[in-house]
Amino acid sequence: MIKITVPATSANLGIGYDTLGMAVSLYSHFTFERADKLTITGCPEEFQNENNLVYVSFVDALAAWGEPAFPVAIDIQTDVPVARGLGSSSTCVVAGIMAAAALTGHTVDRAELVRIATEVEGHPDNVAPAILGGAVCSFTPTDSLPQCLRYEVSDRLRFITVIPPYEVHTSEARKVVPQEIPLSTAVWQMGRIAGMTRGLEAGDLDLIAAANDDRIQEPYRRRLIPDYNAVRDTCLNGGAKTIWISGSGSTLMAVTDDTIVAKFLQVKLREQFPKCETHILTCDTEGAKIETLSPPVSLLTPVTLGLPLKTASIMNGPVVRGARRGNSICGLFSGEAPRRPTRPRQDNRIR
């Protein structure tokens, strides 16, 4: 039996529509093992079948590698709510692909995971940070593979996350976003995306707040979130420096670098919005992790799955260790987990 843990993600980060994403410290946990028939537990009954996104991703990954599908027992335990803008579908996609690799002994690296997950999900802004950890800027060139730039996020930053009790589906949220924008709006966005990534790296709240002034999607999507204005006012008046819609919503995420401010604000938000979940999150720096729950004696030596793991991974069959820094694979730079730098790196590509 294997266990896969995948972090939630906050896509867009306000200014980076369909471009930026960040892994956060809220998690989905999945266990997989071979079985005589498909069984899925831990989710509503209507999803306990072959159309479950976890199993669909599992089968799609096997097909990509020329492997036949086979039945598994899957258990899902998640703190990531559905349709709230925290990448719940991405956690399912990533887990399914990783399980397919682990249970067949397929050699896989982070680039391969991102490539397949992007094909299943349709875009990399959630799956890339879920796999890589940290903050990621991603794009897909025409007829090419996803390109991902990974940024460290200052460990001083705290993200006060307010999750309303109602859903906002991505398909509906996309309908309200204009399909064309003026050139001046495009120029406005581009400089601020660079400012956001630099601010997150440095933990510069003033820069983050200045950069977080989106004109493409938030002015339209906020109308889909009844509590938007009230939560925003509470957060900004309570000491947070700025706030954005996480993904397509309905979750809102405020930012501070003061733990005491975050805790006081959490108390205040829980009092004023008792039906909302409120968490104080940090950036997850590891990304998806895999471990064994019942290893055979011959497999007790930990090995890595080509992912930036702190927890060692154990899997049957061939394994791949992190490539040397600087080796380019599948449009990504894969290898060992990036170490937290003492100063900002000039080249932020995955190495």
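**Loops, a pocket and packed helices in a predicted model**

Asp 18 sits in the loop between strand 1 and strand 2, where strands are DSSP runs of E of at least two residues and helices are runs of H or I of at least four, numbered from the N terminus. The structure is a predicted model, in which local features need pLDDT of at least 70 and side-chain atom pairs count only at pLDDT 80 or more, while totals for chains, interfaces and linings use all residues. Residues are numbered from 1 along each chain as its sequence is written, and side-chain values use heavy atoms, with hydrogens and water left out.

The phi angle of Asp 18 is near 55°, a positive value in a residue other than glycine. Asn 12 is found in the loop between strand 1 (2-11) and strand 2, and its phi, near 80°, is likewise positive. Asn 12 is buried, at 2% relative accessible area, whereas Asp 18 is partly exposed at 31%; buried means under 20%, exposed over 50% and partly exposed in between, with a 1.4 Å probe and protein chains only. Glu 180, in the loop between helix 5 (170-175) and helix 6 (183-202), is exposed at 72%. A further backbone feature is the cis peptide bond joining Gly 249 and Ser 250, with omega about 10°; Ser 250 belongs to the loop between strand 8 (242-245) and strand 9 (252-256).

The largest pocket holds about 860 Å³ of space. A pocket here is an open set of points on a 1 Å grid over the protein atoms alone, where a 1.4 Å probe fits, with protein on both sides within 12 Å along at least five of seven lines; lining residues have an atom within 4 Å of a point. The volume is the space filled by probe spheres set on the points, which are joined across faces, edges and corners. The lining comprises 40 residues, with Leu 53, Val 82, Ala 83, Ser 88 and Ser 89 nearest the centre. Helix 2 contributes the most to this lining, with five residues.

Helix 3 (residues 110-121) and helix 4 pack at about 150°, with axes 9 Å apart. Helix 3 is therefore roughly antiparallel to helix 4. Helix 2 and helix 3 pack at about 130°, with axes 10 Å apart. This makes helix 2 oblique to helix 3. Angles under 35 degrees count as roughly parallel, over 145 as roughly antiparallel, 65 to 115 as roughly perpendicular and the rest as oblique; they run from 0 to 180 degrees between N-to-C directions, and axes are lines fitted to C-alpha atoms, for helices over the stretch in contact.
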